[in-house]
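Good morning. I will go through one structure today, part by part. Please keep the picture in view while I talk.

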Amino acid sequence: MPSTILGKRIKRKEDPRLIQGRGHYVDDIKLDGMLHMAFARSIHAHARIKSVNVAAARSSPGVVDVITGEEIKGKLGLVPCAAGIEGLKVPDHPCLATGKVCYVGEPIAAVVATDRYLARDAADKIEVDYEPLPVVTDPEKALQAGSTVIHPELGDNVAFVARLEGGDWKAVESDSSLKVIKQRLINQRLAPASMETRGVVAHYSPGEETLTVWSSTQIPHILKTQLALMLGIDEPHCRVIAPEVGGGFGSKLNLYGEEGVACYASRKLGKPVKWIESRRENLLATVHGRDQINDVEVYVQPDGKVVGLKCWIIADLGAYHQLLTPAIPTLTALMILGCYHIKNVFVETKGVFTNKMATDAYRGAGRPEATYVIERVMDMVARELNMDAADLRMKNFPSPDEFPLDLPTGVTYDTANYQKTLKRLLKISGYSRLRKEQEKLRKQGKYLGLGLSTYVEICAMGPSSRMPAGGWEFGAVKVEPTGKVMVLSGTSPHGQGEETTFAQIAADVLGIPFDDVTVYHGDTFQVPMGIGTFGSRTTAVGGTAIHNAAMQIRKKMARIASHKLGVKPGELIFSEGKIHTRDGAKSMGFAEVAAEAIFAKQLPEGIEPGLAAHSFFEPSNYTFPFGAHLAVTEVDAETGEIKLRNYYAVDDCGRVINPMLVDGQIHGGLAQGIGQALWESHVYDENGQLMTGTLMDYAVPKAHQFPWFETETMETKTPINPLGAKGVGEAGTIGSTPAIVNAVVDALRPLGVRHLDMPLQPEKVWRILKQHATA
Amino acid sequence: MATEIELDINGKRRAIHTEPDTTLLSALRDQLDLTGTKYGCGEGQCAACTVLMDGSPRRSCLTRATTAAGKKIVTIEGVAQNGRLHPVQQAFLEEQAFQCGYCTPGMILTALALLKSNPDPSDDEIAQFMEGNICRCGTYPRIVAAIHRAARMMRSSAHES
C-alpha cells in the first residue's frame, strides 16, 4: 500500500510558533536572580601573558565576580577534542588562557555581573600585560624550519600527518601514455555565521546538586557528558537542553570554553549565569570552516579515463583543537575521488597549527573541499583533452550495477546512478542549447559560462566504529492512554524541520493522523540517550530509530488487537486511526487498543502492559547521496561582476520523506556553497588580526544575489536503513561551489584562464579582464 | 540617569526605564519580555531586530528607546490580529520561507513595510527591499515567493472588502 504521508509536502509543525516570534531561543530564557557574563579576549594572535589585572573590573558597577584562567586551573577541565587520529598532537586547551594566548579572541577572563551591559563594560576594564611573540598565520610558513612554534611542548606546528593510499602506483607511474595534470587549489576559510550566535544559560542548583544548561547546541547529549567531565559532576546530575536553535551549520557541534566557564560560575555563585555571544565574538571565536590548500595531480588516459589521483592537503587547523578540528580534513581524503571509479589514490593530509581560531565542522565539513578538488580537476582534464565536461564525467562514472562499490580510499559507496542524475540535469537545463548560445555570445565578445558539478557525499554519520562518540541514534515512541503519540529523538534539529519528518515517519508506521504525533528532542532529561544533529544524519539515522521503535509499538498493538478481534496479528492493517482486517469487517480504533494496552484488563498472555518502545539504530555503513548541478554565469566584461543567471540541481538523497523540507535544505545548501564560490572569505592579516570581523566585512549572501533555483530530486533508496533515506543537509553546499567556479572559468576560457581561486569577487575577475585587454 | 518613558507598542502604552544609551531592542526584550525581536549583530547589519516605527522598518538594535517615544511601534508579537495570522505570516508558512526561524520576525516586518508601500512588487523590488535582511539558512528564493503570495492575498482581500 503506498504511504499516504511519506513523500508528501506537509507543512512544518515548528512553523506557527516561529512565525509569531514565540519560539524560545537561549537568549529568551530568563531565570530568577540570573547573572550575566562577558569575556575579556586576547587582542594579540600570539603573546605571553605577563599579568592580568582585574581590580578595576571587580570594582565596576554591578560586578559580582571576575574569573581568570589561574582561578580555574585544576578546577575546570580542558576544552575536549574527540578526533581519533593516530599520533595526533593535542595541545592543552584551557577554557581561559593562562600564561599565553595563541589567537585573537582567545578568552582570558570572565566577568559576571547583574546585567549584560555592566558585565561588558567591566570586561573592557581588565588590563592584560602582553609580551607579543612572533605570529604565524600562513600554514606553509608554519611548516618551515625556523618558524615560530605555537605549542613548543609539541615540537613543531604539525598536529598530524595522515596518509591514505590505494591501488598500484608503480604501474601508473611507469605508464608513459598517461597525461599528468597538476593544480594547486585553495579552499578559503569561511565563517559559519548562524543568525543566532552562541549562547548558554547555566543553572547550578545547590540543593539538588544539579546543573541545568540551556545551550544553543547541535549535540545536547554529548555536551552533557563533556560538561559533567569538565566540571567533575556526576553525569546524572547534569542536564542539557537545546531549546530553539537559530542555525548551527556545524559550528554548534562543539563544546566551547565559554560554556564551561558559565557552568563553573553558576556552580561557584549558586546563581543562574547567562552568556550570549556578540556577533563580533561569533565571527572571531566560533569555529571557522574549510581553510585547506590542495595540491592535486591526476593521471589520465588519452581517452579521458582518469586512472590515478594524488593530493597533498595542508589543513589550517588554527591554534587549538576544538571537538572535531583535526577530523574534518580527513573526510576530505576519504571523499577525494568523488563519483568516479579511479583505481589509484594517494592522499597526504597535514594538519597544521597557526595563530588563528580553530577550524572545525561547517556545512559539508571536509566534503566540499574534496568535491571542489575533484570537480575542478575533472573540468581541467576535459579541457586539456578537448572533451565536453559532461562527456568526460560520463566516461568516468561507475555503472549502477557496480554498487556497492569499494573505493581505494577504503569506503564503500552504498548505491548510486550517477548517469541518471547527470542525464536529467542536461535535459532540464537544455545543456546543448546553452552550449550553442555560449558559442554565439563568444563571437560577440560576451562571457557566458557553464559549470557542471557531479558530486557524491558521505552522510548519515555513521557506523559507531568510525565515530568517536558512537554513530547510532536513539528514538522512542510512546502511546498515551488517549491514543496520542509522543516521539522522542536523540538528534537535535535546529531549523531542519525534523519535528515534521519524525511525525510523518511515526504516523506512517502507526496509521494515525500526522496531528496526533508530537515530537520532542533536545532535552537530556526527556530523551534518555542521543548523539545529535550533524553530518546529514538526522533523518537517515535518527528517523530510522523512530521508525524501528514505532514498528515495535505496532507489533504489540497488533497482538493486543488480534486477541480482542479473534484474528491473526498478521491480518491487521493500521490506517486512518484504525486497526482492522483488510476487508474492514473487524476493526478497533487506535486509541481503543492503546487503552487496552495501558489499562491492562485483558491482555493476552505474555504481553506486558504499556506502549512505550525505543530503538538504538546502528547503521552498518554511511550513505552516499549524489547529484548533478549546473551553474550558468555571465561575466560582465566591464566590471568583472558575475551574474548567476540560472542554477539547475538534480539531487538524489534516497527516499524523500517531505519534499518541501528536502527542497529547503537544497536551497539553503546552495546559498552557502555559492557564497563560498563568489563572495565569502574569512581573512586574517599577517599579524593574525581578523580583517572580516563584522557582517559589513564578511559577505554573507543576501536576497538579491540569487536566481530562482531549478531543483529536482530523484530517489535511489539506500539499503543501509529501512527508510531508504540518505540525507540532504549538506548536498547543496557540497555540489554547488565547484559548479560556480567551473562556470566562471568556462566563461573566461577565451582569455586563456585555466583556474581562479575563490572567492570570485568582481575585482579579481576585473583584473584578469583588464590584463587581457592590455595584453 | 534612568528615566521612565512610555512607548506605544503593538497598540498598547508600555512604561520602560531608559538610560540615554538604552536601545529599543534591549527595552523590548529585557524589560517588556517581547522576545520575538532578535539580536543578530547589534550593528545594523543583519536586520534580525527589525521593528516597524510609524510603519517604517527600523533596526531596533541601533534605535535608542527614547527616540521611539511618541511613535507607533509594531513588533512580531503585534502582527497577528485576534489570533489570526497576517497574510504575510500565512504566506511565509505556505511557502516554508524560513528554517531556523531566527531572522523570520525581522523578515516579516520588513515585508509588511514593503507591501504597504508597494502592493505588487516585482522580484527585483522585493530582493532590493529585503537586501538588508540576512537569512543564513538561505531561504531567499522562497522569501521572494512568499512575499508575492502575500501580495496576492492582500490585494484580493482588499478587493473583497
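When I give domain bounds, they come from an automatic or database domain assignment. For chain B, that assignment gives domain 1, residues 3–78, and domain 2, residues 87–160. Please bear in mind throughout that this is a predicted model.

How far apart do the C-alpha centres of the two domains of chain B lie? The distance between the centres of domain 1 and domain 2 of chain B is 21 Å. In their contact, domain 1 of chain B supplies 15 residues and domain 2 of chain B supplies 13 residues. On the domain 1 side, the elements of chain B that give two or more residues are strand 3 (50–53) and strand 4 (56–59). Strand 3 of chain B provides the largest share of that side, three residues. By class, the domain 1 side of this contact has nine nonpolar residues, five polar and one charged.

The buried ones are B:L24, B:L25, B:S26, B:A27, B:L28 and B:R29. What do they pack against? They pack against strand 2 (12–18) and strand 3 of chain B. Just after helix 1 of chain B comes B:D33, with a positive phi of about 60°.

Next, how chain B meets chain A. The contact has 40 residues from chain B and 43 residues from chain A. On the chain B side, two or more residues come from each of helix 2 (87–95), helix 3 (104–117), helix 4 (123–129) and helix 5 (140–160). Which of these helices gives the most? Helix 5 of chain B does, with five residues. The chain B side divides into 22 nonpolar, 13 polar and five charged residues.

In soluble globular proteins, nonpolar side chains tend to be buried together. Here the largest nonpolar core has 298 residues, and A:V111, A:I336 and A:A506 have the most contacts inside it. Helix 16 of chain A, residues 538–565, gives the largest share of this core, eleven residues. Leaving aside residues up to four places away in sequence, A:A506 touches A:V477, A:V485, A:V487, A:V517, A:I546 and A:A550.

A charged residue comes next: A:E277. It is found in the loop between strand 12 (273–276) and helix 9 (279–285) of chain A. Is A:E277 buried or exposed? It counts as buried, because it has 23 C-beta neighbours inside 10 Å, and the cut-off for buried is 20 or more. Among the residues that A:E277 touches, not counting those up to four places away in sequence, are A:R198 and A:N282. A:E258 is 19 residues from A:E277 in sequence, and their C-alpha atoms are 9.3 Å apart in space.

Last, a pair of helices. Two packed helices are described by the angle between their axes and the distance between the axes. For helix 11 (residues 367–384) and helix 19 (residues 731–747) of chain A, the axes come within 8 Å and cross at roughly 30°. The crossing of helix 11 and helix 19 of chain A is right-handed. Among the residues making the contact are A:Y372 and A:R376 of helix 11 and A:P738 and A:V741 of helix 19. By class, the contact has six nonpolar, five polar and four charged residues.

That is the end of my part.

Note on methods
Residues numbered from 1 in each chain as written. Chains lettered and ligands numbered in written order. Predicted model: local features only at pLDDT ≥ 70, side-chain atom pairs only at ≥ 80, totals over all residues. Contact = placed C-beta atoms within 7 Å. Helix = DSSP H or I, 4+ residues; strand = E, 2+ residues; numbered from the N terminus. Core = buried A, V, L, I, M, F, W, Y, C linked by C-beta atoms within 7 Å. Buried ≥ 20, exposed ≤ 12 C-beta atoms within 10 Å, placed from the backbone. Axes fitted to C-alpha atoms, helices over the stretch in contact; angles between N-to-C directions. Left-handed = near helix turned anticlockwise from the far one by under 90°.
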